[in-house]
Each structure stands twice: as structure tokens, then as C-alpha cells.
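Here is a short report on one protein model. Please keep the sequence and the 3D view at hand.

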Amino acid sequence: MPAMPHLIPFEQAIAMTQTYRQQKDNILQEQYRKEALLPLCETFDKKSVEALLSQAGCESLRIYYGMQQDLSVHAILVGVDADGNDMLPAAVLQGGDAENNGELLEDAQRCPINCPSPSPLNR
């Protein structure tokens, strides 16, 4: 298990955010099972989020939405610098290989399936 269990490759994040943008209008149509596609919530571990936020120059957190091939929607977290720019892997910015290199988080505990205890936010 990686030190940051929610890390995903940059190329996977690109594919998921592109799929989301292309399919987001379709997911609300009746032909899709809304409960399985749109999460009620997602939970990321503290250690992973703290590591993302502790990157040098990170001033805030941005959440993108991505979509898996089964059309399920997932949050993708990326650090943001003081100028409002996504903090992408250095290899990508330098034209190198992005495979398994980057500080992008996904693969959270997703509800439905792994749901939290009842609260006013999820009833």
C-alpha cells in the first residue's frame, strides 16, 4: 500500500476529468442508475490530504470531478499554488512521463457502499 493510498497517476486523472466533462449531462438521464453513479459523499484519509496540502507552495485545495468507465463520479483532489494554478507533477510540466508521478488524490471511500454513520448531512 502506498504511503498516500489515494494517489492516482496524472494520466488517469486526465482521463477521468475528460470523461466527466463529456458525460456529465448524460448521467442525470433516467436510463442511468443515479444512486450508483453519483456519490452521496467521499472520504479521504487525513494523512493523504495533509501530504497534498504540505507540498511546498500549496495554498489551497481544488476538487475536480472525474468519471470511471462505468460512469461513476469521483472527486479528484489537487493542490493549488498562490497564483491559483493546479500543482501538477513536475515531470508533466517538463514534458516528461506522468505515469505514477504526481500529487493527485482519488479512490476515496465512496458512499453509497462505504457510508458514514447517519448525520444531518447524509439523511
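## Basis

This is a predicted model: local features need pLDDT of at least 70, side-chain atom pairs count only at pLDDT 80 or more, and totals for chains, interfaces and linings use all residues. Residues are numbered from 1 along each chain as its sequence is written, and side-chain values use heavy atoms, with hydrogens and water left out.

## Helix α3

Helix α3 spans residues 46–53. Helices are DSSP runs (H or I, at least four residues), as are strands (E, at least two), numbered from the N terminus. Ser-48, Val-49 and Leu-52 are its buried residues. They fall within an arc of 95° seen down the axis of α3, so they line one face of the helix. The arc is taken from the directions from the helix axis to the C-beta atoms.

Buried means under 20% relative accessible area, exposed over 50%, and partly exposed in between (1.4 Å probe, protein chains only). Lys-46 and Lys-47 are exposed, on the other side of α3. The cover over the buried residues includes β2 (60–67), β3 (73–80) and β4 (104–105), with contact meaning heavy atoms within 4.5 Å.

## Leu-53

Leu-53 also belongs to α3. Its relative accessibility is 37%, so Leu-53 counts as partly exposed.

## Asp-70

Asp-70 sits in the loop between β2 and β3. At 55% relative accessibility, Asp-70 counts as exposed. Its side chain makes a polar contact of 2.6 Å with that of Ser-72. A polar contact is a pair of N or O atoms within 3.5 Å; within protein, one must be able to donate a hydrogen and the other to accept it, and residues adjacent in sequence count only if both atoms are side-chain atoms.
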